[in-house]
Amino acid sequence: ALHWASRWDVYLSMDNAIPAKVHWLSIANSLVIVIVLSAMIAAILVRNLRRDFNRYNRLATDEEKAEDMEEFGWKLVHADVFRPPSFSPLLMSVCCGTGAQLLCMAILTILFSAMGFLSPSNRGALIMAQLLLYVLMGSVAGYVTSRLYKTFKGKSWQKATACVAFGFPGITFALFLVMNVVALSQGSSDAVPPLTMFILLFLWFGISTPLVFFGAYFGYKQEAIEFPVNTSSIPRQIPDQPWFMGLPFTLAVGGILPFGACFVELYFILASVWMDQYYYVFAFLLLVFAILVITAAEITVLFNYFQLCGENYHWWWRSFSTGGSTGLYVFLYSFVYFKQLEANSLATYVLYFGYMGLASLGLFLMTGFVGVTTCLIFNKTIFGSIKID
């Protein structure tokens, strides 16, 4: 006999087309990546930091004072490390706010799905839940943006809040409109009726935007983020950096490990979106998402440490892009995946790359925010642990 509650299972598992073993293997593979990376990071950071702390906190003997031992390493940038980003602090705060909003939305959606609140047989439920959660997380975006922007001593507060309320949703909505027109011109059943458009606009302007301003209000009420060291008025010069600390290399290496960790699940999700298969293993997805976030955080902290050791204190944008580079890999992978879809019309290209570009941008902002947050905590911790005369 078949239970009423499990009547869908044979369709959802598509008669076990993809055995659970595949997911377990992919998770085992990801866990190996995470454990190796964590061990490497622990070894490098803990050993080096302990050595650095001992060196920096030791009282110099008389001979050393006479020889005037030259300081080196990350302590030298203590007066510059918490300087606001050199390029557009406003954009930095807005990107972090949007990233935080998307991250909360993703975590909650996957959690609810894994707990079984959202049935994969009802596709609309998942999208509606995602949209509503995104809209409700507007307050998080406002709060994070305003906290960071206040810390960067930014002056145009209304502009920052407006940018986070209308920036990412604006880009998304504009692209969505274009793709809707394309879908209509093809007479596709995917096209969204005008009423739904109005509901979307209402969610955006009626609920999301007020929540963003609400969150921002509380963010500006709070004190700016406290830093353990004072920032000097004159920025110090940055020595020449080796090639492997340049942007192309850190982007390439920073994205490949987190992408490698979530690559198999990504394949199944793409199959679910573009090949009309069901994706129902949300518990696996939760595990893989956690692994992705941890890997992105670890690799960003590692590069951040190397960068500070090279006396380069421009870490805000660098940590954002190192963390976010997973999004670039996902976008590049979507080109590889596209070969499987026998595409023949321009409309297919527009819809596919439009939606994949949006998804990759969202992932970029999300993992970028993770990168910046971990580096901020890391930098505050290490600079708070040394004595600065």
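Predicted model: local features only at pLDDT ≥ 70, side-chain atom pairs only at ≥ 80, totals over all residues.

Trainee: Then what about Arg83, buried or exposed?
Mentor: Arg83 has a relative accessible area of 16%, so it counts as buried.

Trainee: Where does Arg83 sit?
Mentor: In the loop between helix 3 (62–67) and helix 4 (89–114).

Trainee: And which side chain does the Arg83 side chain make a polar contact with?
Mentor: The side chain of Asp80, at 2.7 Å.

Trainee: Which residues does Arg83 touch, leaving out those up to four places away in sequence?
Mentor: Thr231, Ser232, Ser233, Ile234 and Pro235, plus Tyr313 and Trp316.

Trainee: What about Glu311, what phi does it have?
Mentor: About 60°, again positive, although Glu311 is not a glycine. Glu311 lies in the loop between helix 10 (282–309) and helix 11. With a relative accessible area of 16%, Glu311 is buried.

Trainee: New topic: helix packing. How do the axes of helix 2 and helix 9 cross?
Mentor: At roughly 170°, and the axes come within 9 Å. Helix 2 covers residues 20–57 and helix 9 covers residues 247–274. That angle makes the two helices roughly antiparallel.

Trainee: Which residues make the contact?
Mentor: From helix 2, they are Val22, His23, Ser26, Asn29, Ser30, Ile33 and Leu37. From helix 9, they are Leu257, Gly260, Ala261, Val264, Glu265 and Phe268.

Trainee: How many of those are nonpolar, polar and charged?
Mentor: Seven are nonpolar, five are polar and one is charged.

Trainee: Let's do rings. How many aromatic pairs are there?
Mentor: The count comes to 40. Take Phe166 and Phe205: that pair is tilted, 5.8 Å centre to centre, with 40° between the planes.

Trainee: Why does that pair tie together separate parts of the sequence?
Mentor: Because Phe166 lies in helix 7 (residues 157–185) and Phe205 in helix 8, parts that are 39 residues apart in sequence. Phe166 is partly exposed at 35% relative accessibility, and Phe205 is partly exposed at 43%.

Trainee: What kind of pair do Trp243 and Phe249 form?
Mentor: An edge-to-face one, 5.3 Å centre to centre, with 80° between the planes. Trp243 counts as exposed at 65% relative accessibility. Phe249 counts as partly exposed at 30%.

Trainee: Which residues do ring pairs link into a cluster?
Mentor: Phe259, Phe263, Tyr267, Phe268, Tyr329, Tyr333 and Tyr337. Phe268 also came up in the contact of helix 9 with helix 2.

Trainee: Where is Tyr329 found, then?
Mentor: In helix 11 (residues 315–338). Leaving out residues up to four places away in sequence, Tyr329 touches Leu251, Ala252, Gly255, Ile256 and Phe259.

Trainee: Last one: Phe218. Where is its place?
Mentor: In helix 8 (residues 194–221). Phe218 counts as partly exposed, at 42% relative accessibility. Phe218 and Tyr143 are 75 residues apart along the chain, and their C-alpha atoms are separated by 6.5 Å.

Notes: Residues numbered from 1 in each chain as written. Heavy atoms only, no water. Helix = DSSP H or I, 4+ residues; strand = E, 2+ residues; numbered from the N terminus. Buried < 20%, exposed > 50% of the residue type's maximum accessible area, 1.4 Å probe, protein only. Axes fitted to C-alpha atoms, helices over the stretch in contact; angles between N-to-C directions. Parallel < 35°, antiparallel > 145°, perpendicular 65-115°, else oblique. Contact = heavy atoms within 4.5 Å. Nonpolar A, V, L, I, M, F, W, Y, C, P; charged D, E, K, R; others polar. Polar contact = N/O pair within 3.5 Å; in protein donor to acceptor, adjacent residues only side chain to side chain. Phe/Tyr/Trp six-rings, centres within 6.5 Å; stacked < 30°, edge-to-face > 60°.
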